Amino acid sequence: MEEQINTNIKSYLSFKLGEEVFAAGVKNVLNILEMVKITEVPKAPDYMKGVINLRGAVLPVIDTRIKFGMEESEFTKDTCIVVCEVDQDGEEVKVGAIVDAVKEVIEIDDKDILPPPGIGNKYKSEFITGVIHLDEQFILKLDMNKVFSTDELVMLQNNQNETNNE
Amino acid sequence: MKKRILIVDDSESIREVLSFTLENAGYDVLAGVDGEDAQKYLNGEPIALVITDLHMPNKDGIGFIKDVRAHEDYKRVPILFLTTESQTAKKMEAKSAGATGWIVKPFVPQKLLAAINKVVR
Amino acid sequence: MDQFKQKFKEEATDLINDLEEALLLLEQNPNDKDIVERVFRAMHSLKGGGAMFGFDHVSEFTHHLETIYDLVREDKFLVSADLLTITLESVDHIKDLLFSDEITKEIENNHSVLITKLSTLATNDVGKAATPIENQDNTASTQKSFYVFFKPNPDVFENGTNPLYLLDELCELGESRIISHSENIPLLDDLKESNSYLYWEVIIVTDQELNAIGDVFLFVEDDCELEITQVAEGNLLADEKVIRYLADIEKESKVVDIQKLEREISKNKENKTEQGSKESTGTDTSVISSIRVASDKIDTLMNLVSELVTTQARLSLFTEQQEDAELDAIGENIQKLSRQLRDNAFSISLIPLQSIITRFQRLVRDLSNGLGKKINFKTEGTETELDKTIIENLTDPILHIIRTSIDHGIEDVQTRINSGKPEEGTILLRSFYSGTNVFIQIIDDGKGLDHEKIRQKAIEKNLISESTQLSKKEVFDLIFMAGFSTAKEVTDVSGRGVGMDVVKRKISAIRGDVEVDSEPGEGTTITIKLPLTLSIIDGLLVRVGVTDFIVPLSAVQKIYAVNKSEIIDNYTHTVVLDEKQTPFHNMREFFTIDKEMPDTVQVLVVTYEEQSVGIVVDYVVGEYQAVIKPLGKHYKDQEFISGATILGDGSVALVLDTNKIIKQSAEEV
């Protein structure tokens with residue numbers, strides 16, 4: 001278990017995908033964009049939605065729902081792109097993640113983060129580093145570096161429903 | 001008020017060493033990269049001294065000296081030019097264009113200030 | 001002062017590069033006065049700057065060089081191979097002096113050896129002392145008394161001179177007595193306020209030499225009557241008789257009678273004013289003045305410019321809708337400005353390959369001389385521009401390739417004659433754009449690579465097994481494998497423990513590729529292929545489905561409009577264009593875009609492996625100058641896309657690599 005008991009308060013951005021709420025460390029989040037026109041890149045995996053212009057630079061955009069094994073996003077006025085900076089083989093890589101809605105920034109003490117449930121969980125535990133119980137709701141804390149890795153084989157959902165021995 | 005000196009030289013290091021020396025000696029410094037660029041400072045604001053290089057792209061020092069002299073507000077402003085030449089021809093050309101004197105490169109700060117001392121007090 | 005030193009070092013690097021380049025040119029054209037002038041100028045600036053920024057040894061050393069080239073300028077000295085060799089060695093030495101952390105014994109020795117060589121050279125050939133020595137100032141400092149007569153011309157003010165400042169400066173030299181003469185001032189009606197009517201006589205007692213007094217009037221000596229005479233050793237003003245005499249003169253508005261003064265004192269010595277230092281001629285005309293900027297600032301600038309262009313495009317769109325003439329005019333102006341700014345910013349981050357050529361020329365010259373080989377180094381297309389960081393990382397690999405080529409490729413003169421080749425070998429460095437890549441080739445006409453020998457050696461080194469079947473290209477690729485180069489072939493030249501594997505690694509690091517091709521007996525060609533990252537290309541903006549793509553204009557030969565019926569369900573995948581059967585690749589198929597195709601589609605004809613091949617797109621929008629941006633790691637598998645660019649409306653278009661598309665598409669069919 002990587003979480004330790006101390007009073008270390010960190011900020012997280014929470015966002016919605018379908019009915020599920022996830023949290024990403026704000027240190028990974030650069031900014032939040034409204035949906036813009038995405039240029040599709042041919043012959044790329046489905047979840048690689050395309051590229052957009054981020055202030056003159058080209059930013060790859062991932063459809064987080066597909067990546068997480070949910071149905072493809074239908075864009076609404078709440079849909080937005082969370083621009084994250086993740087560590088990829090020691091290199092900082094920027095990537096945009098399409099989410100259904102951004103909720104809020106929450107401050108959570110490390111000691112209030114519960115270990116990820118091992119058995120019977122819908123998502124592979126290597127991507128979920130913890131569970132936050134807040135206002136009658138369970139928020140899944142994500143390992144952004146792993147989730148947005150360039151490795152296209154990584155799928156979040158535990159399709160085989162296999163047992164993870166934590 | 002501090003006296004203002006306009007320096008014109010295409011070499012960045014010369015400009016920097018001039019500015020550094022002059023600012024430490026208590027002057028305000030305006031800097032232009034060539035005769036063309038320095039025109040923007042000939043705007044009627046008081047200038048106590050002009051120091052210009054002779055060999056510059058766009059507009060050389062001789063041309064610039066003439067411009068300064070032709071300007072109603074700077075008819076009497078002392079002008080020193082930077083030169084590496086002992087040839088009197090070039091000096092004469094600059095003088096007849098209206099220069100007051102010259103500074104021989106390379107110079108050390110004392111030498112520079114000594115030359116300035118001849119024309120500005 | 002340190003920051004100036006640093007700046008000077010940077011400038012000196014440019015000067016040294018320029019100097020080297022000019023010297024190599026001079027070798028080709030020893031009588032070209034302009035080149036001599038350029039050499040001299042660079043030396044002169046190095047000397048001057050060196051002295052100014054505290055690199056005295058550089059200044060002193062360069063002075064020796066400059067002296068010789070001054071003679072060359074005056075046709076008193078001939079440009080010889082010897083001279084150039086020593087000069088180039090000297091240039092290396094100057095680099096050592098400037099950039100070594102400490103002055104080692106070796107550098108010191110080199111210093112004196114080179115100075116001796118230079119001096120000998122200068123003396124032998126012209127029978128002239130090599131080094132005029134700078135100002136000699138060794139007179140003992142004792143007080144002397146001088147008489148100064150100073151009468152400025154009436155128009156002295158016109159050059160900005162103030163005679164009073166000069167008198168002030170004069171008085172600072174020592175103890176003085178000034179007699180002002182105002183008797184020439186006219187009546188008020190005749191007085192011109194811009195004229196000077198005064199003159200002065202000064203007795204000054206100082207430990208300075210006559211020169212120093214002359215220096216006070218340096219700027220005005222042609223605009224005044226000036227007389228400076230040493231009238232006595234010792235302090236004349238300590239003599240009461242003299243003081244009284246001067247007071248009388250002033251009262252009576254008379255002029256000092258020097259003879260009378262002199263009678264009081266000992267003899268007069270020299271009386272000629274001489275001017276200061278022996279500054280040599282030479283100009284500092286640099287064609288382009290430049291400044292240095294940290295490259296991250298350029299990156300920021302580029303990003304800001306792109307953003308500006310995007311914003312501008314939005315503004316254009318908005319102004320169109322407003323139908324306001326004034327807003328239109330402003331919008332147009334901003335469009336013009338941002339375009340200029342964009343072009344300018346781009347040109348800043350690109351530098352031509354030419355900027356690193358000198359080092360290669362130098363290497364060829366030095367090595368071929370050392371090995372007794374004759375080599376002509378030629379260049380083509382060095383105006384090709386590349387991003388600065390790429391250029392920086394290219395120098396070493398290219399140096400190594402050339403080194404290897406000289407050492408192992410080009411044969412010695414005798415061998416070449418025996419095999420019926422011209423005795424002078426050739427190394428050609430050529431560069432060109434193709435598609436979205438820049439190619440740099442190093443081509444020699446040497447003995448070429450022995451394909452079988454490489455195979456054998458690779459087997460020896462356990463890189464491949466006896467039974468491995470390899471194509472010619474695969475065999476050549478072996479030389480890029482780590483562990484292929486061995487100590488066995490370490491020579492002075494290409495040894496040094498680096499092999500072609502390092503070349504490969506370094507080029508990969510800048511996302512490039514390197515290939516070798518060779519014909520035994522005919523020579524070797526090494527091709528470096530680099531992506532056009534952070535570069536601008538002239539592109540053709542095309543559309544397939546809803547997506548915009550850029551095809552490099554240089555790749556496109558011709559564009560044809562074709563009815564979709566000729567494309568759809570065409571199993572031969574060829575179409576007749578200008579009566580020629582042309583194979584085509586339909587981008588809709590390739591990209592699996594299944595929307596309805598327009599009735600008329602367009603075929604871009606490009607060259608692929610020396611054949612004309614068609615690329616079918618929906619339609620061509622127009623030409624577009626594209627700044628290529630990397631697509632990032634997430635799309636590393638989409639190799640046929642070499643990057644992306646931002647369009648005027650802020651959306652992104654993808655840049656296609658036609659070669660890769662055709663290759664991949666052909667494999668899929």
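Which residues in α1(C) meet which residues in α2(C)? In this predicted model, the α1(C) side consists of C:Phe8, C:Glu11, C:Ala12, C:Leu15, C:Asp18, C:Leu19, C:Ala22, C:Leu23, C:Leu25 and C:Leu26. They meet C:Ile35, C:Val36, C:Arg38, C:Val39, C:Ala42, C:Met43, C:Ser45, C:Leu46 and C:Gly49 in α2(C). By class, this contact has 14 nonpolar, two polar and three charged residues.

The geometry of this pair was computed from the helix axes. Helix α1 of chain C spans residues 2-28, and helix α2 of chain C spans residues 33-52. Their axes lie 9 Å apart. The packing angle is about 155°. Angles over 145 degrees count as roughly antiparallel, and α1(C) and α2(C) are therefore roughly antiparallel to each other. The crossing of α1(C) and α2(C) is left-handed.

A further helix pair occurs in chain C. Helix α3 covers residues 56-73, and helix α4 covers residues 81-99. The axes of these helices come within 10 Å and cross at roughly 170°. α3(C) and α4(C) are therefore roughly antiparallel to each other. On α3(C), the contact is made by C:His57, C:Val58, C:Phe61, C:Thr62 and C:Leu65. On α4(C), the residues are C:Thr87, C:Ser90, C:His93, C:Ile94, C:Leu97 and C:Leu98. By class, the contact of α3(C) with α4(C) has six nonpolar and five polar residues.

The contact involves 20 residues of chain A and 22 residues of chain C. On the chain A side, the elements that give two or more residues are β4 (48-54), β5 (57-63) and β7 (91-99). β4(A) gives the most, with four residues. By class, the side of chain A that touches chain C has 11 nonpolar, five polar and four charged residues.

In chain B, one loop residue was examined. B:Ala97 is found in the loop between α3 (88-96) and β5 (101-104) of chain B. Is B:Ala97 buried or exposed? B:Ala97 has 20 other C-beta atoms within 10 Å and is therefore buried, as 20 or more is the cut-off for a buried residue. Leaving aside residues up to four places away in sequence, B:Ala97 touches B:Ile62, B:Ile65 and B:Lys66. B:Ala97 and B:Ile62 are 35 residues apart in sequence. In space, B:Ala97 and B:Ile62 are 6.4 Å apart, C-alpha to C-alpha.

Terms used:
Residues numbered from 1 in each chain as written. Chains lettered and ligands numbered in written order. Predicted model: local features only at pLDDT ≥ 70, side-chain atom pairs only at ≥ 80, totals over all residues. Axes fitted to C-alpha atoms, helices over the stretch in contact; angles between N-to-C directions. Parallel < 35°, antiparallel > 145°, perpendicular 65-115°, else oblique. Contact = placed C-beta atoms within 7 Å. Nonpolar A, V, L, I, M, F, W, Y, C, P; charged D, E, K, R; others polar. Buried ≥ 20, exposed ≤ 12 C-beta atoms within 10 Å, placed from the backbone. Left-handed = near helix turned anticlockwise from the far one by under 90°.
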